[in-house]
Amino acid sequence: MDIQYVDTYELTRVGQEVRGQAPIDRFERLLEDLPEQAGTMVSWAIKGEMDSFGQRFLQVHVRAAPMLECQRCMKPFEWAVDSRNRLQVVKSEADLDAGDAADTDPDDVIERILGSQRLDVLALVEDEIILCLPYVPKHDVCPSLPELLEEEPGSDSVRPSPFAVLDQLKKD
Ligand SMILES: [Zn+2]
């Protein structure tokens, strides 16, 4: 199954779900600043919904495993993305910004996308993955740092021995 486009109106009207997979190498915009990838697959599911007010939504679930470059040790590592997002489908550009009351908590504002009979699914999936990337990618614990610490010889010799310190105290 290789779905590239969906009709958001049809999807939300019938509450249909579509799923697909694509090799991560296909997401050129995502990979622009990333190191070499490990040939993983990106999988996604998009489900249409319509509420009782006739508002249309897409439930987007994306799973991916892009390789990022750690900004501390400069080694590549896998970043697991498992993202669920709910987008409101609107009919016009004007609707994209409409309805945001000034006192609304920005966290409560639902993301909107423009409805289309030919929504580019991979572009939507790519946006979702990009949103999940850390601003400064880093290992939790860099694998090479402990080695570096061990390799540092003679660090003990700089420190005065506890006995030398005691001798000094006795003299005073
Ligand atoms: Zn690292």
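Biologist: What arrangement do the four donor atoms around the zinc ion have, and why?
Modeller: The arrangement is tetrahedral, because the four donor atoms subtend angles of 104 to 119° at the zinc ion. Four donors count as tetrahedral if all angles lie between 85 and 135 degrees. This is a predicted model, in which local features need pLDDT of at least 70 and side-chain atom pairs count only at pLDDT 80 or more, while totals for chains, interfaces and linings use all residues. Residues are numbered from 1 along each chain as its sequence is written, and side-chain values use heavy atoms, with hydrogens and water left out.

Biologist: Which atoms coordinate the zinc ion?
Modeller: Cys70 (SG), Cys73 (SG), His139 (ND1) and Cys142 (SG) coordinate the zinc ion, at 2.0 to 2.3 Å. Donors here are N, O and S atoms within 2.8 Å of the metal (3.2 Å for Na, K and Ca); water is not among the atoms, so sites may look incomplete.

Biologist: And what spacing do the donors follow along the chain?
Modeller: The spacing is C-x2-C-x65-H-x2-C.

Biologist: Are Cys70 and Cys73 buried or exposed?
Modeller: Both Cys70 and Cys73 are buried. Buried means under 20% relative accessible area, exposed over 50%, and partly exposed in between (1.4 Å probe, protein chains only).

Biologist: Turning to strand β7, where does Gln88 stand, buried or exposed?
Modeller: Gln88 lies in strand β7, which covers residues 81-90. Strands are DSSP runs (E, at least two residues), as helices are (H or I, at least four), numbered from the N terminus. Gln88 counts as buried because its relative accessibility is 9%.

Biologist: Which residues is Gln88 in contact with?
Modeller: Leaving aside neighbours within four places in sequence, Gln88 is in contact with Gln55, Arg56, Phe57, Ile110, Glu111, Arg112 and Ile113. Contact means heavy atoms within 4.5 Å.

Biologist: What about Asp82: buried or exposed?
Modeller: Asp82 is also found in strand β7, but Asp82 is exposed, with a relative accessible area of 52%. With neighbours within four places in sequence left aside, Asp82 is in contact with His61, Val62 and Arg63.

Biologist: How far apart are Asp82 and Ser43 in space?
Modeller: Their C-alpha atoms are 9.7 Å apart, and the two residues are 39 residues apart in sequence.

Biologist: Finally, how many helices and strands does the protein chain have?
Modeller: The protein chain has seven helices and nine strands. Of its 172 residues, 32% count as buried.

Terms used: Four donors count as tetrahedral if all angles lie between 85 and 135 degrees; four count as square planar and six as octahedral if opposite donors are over 155 degrees apart and all others between 65 and 115; anything else is irregular.
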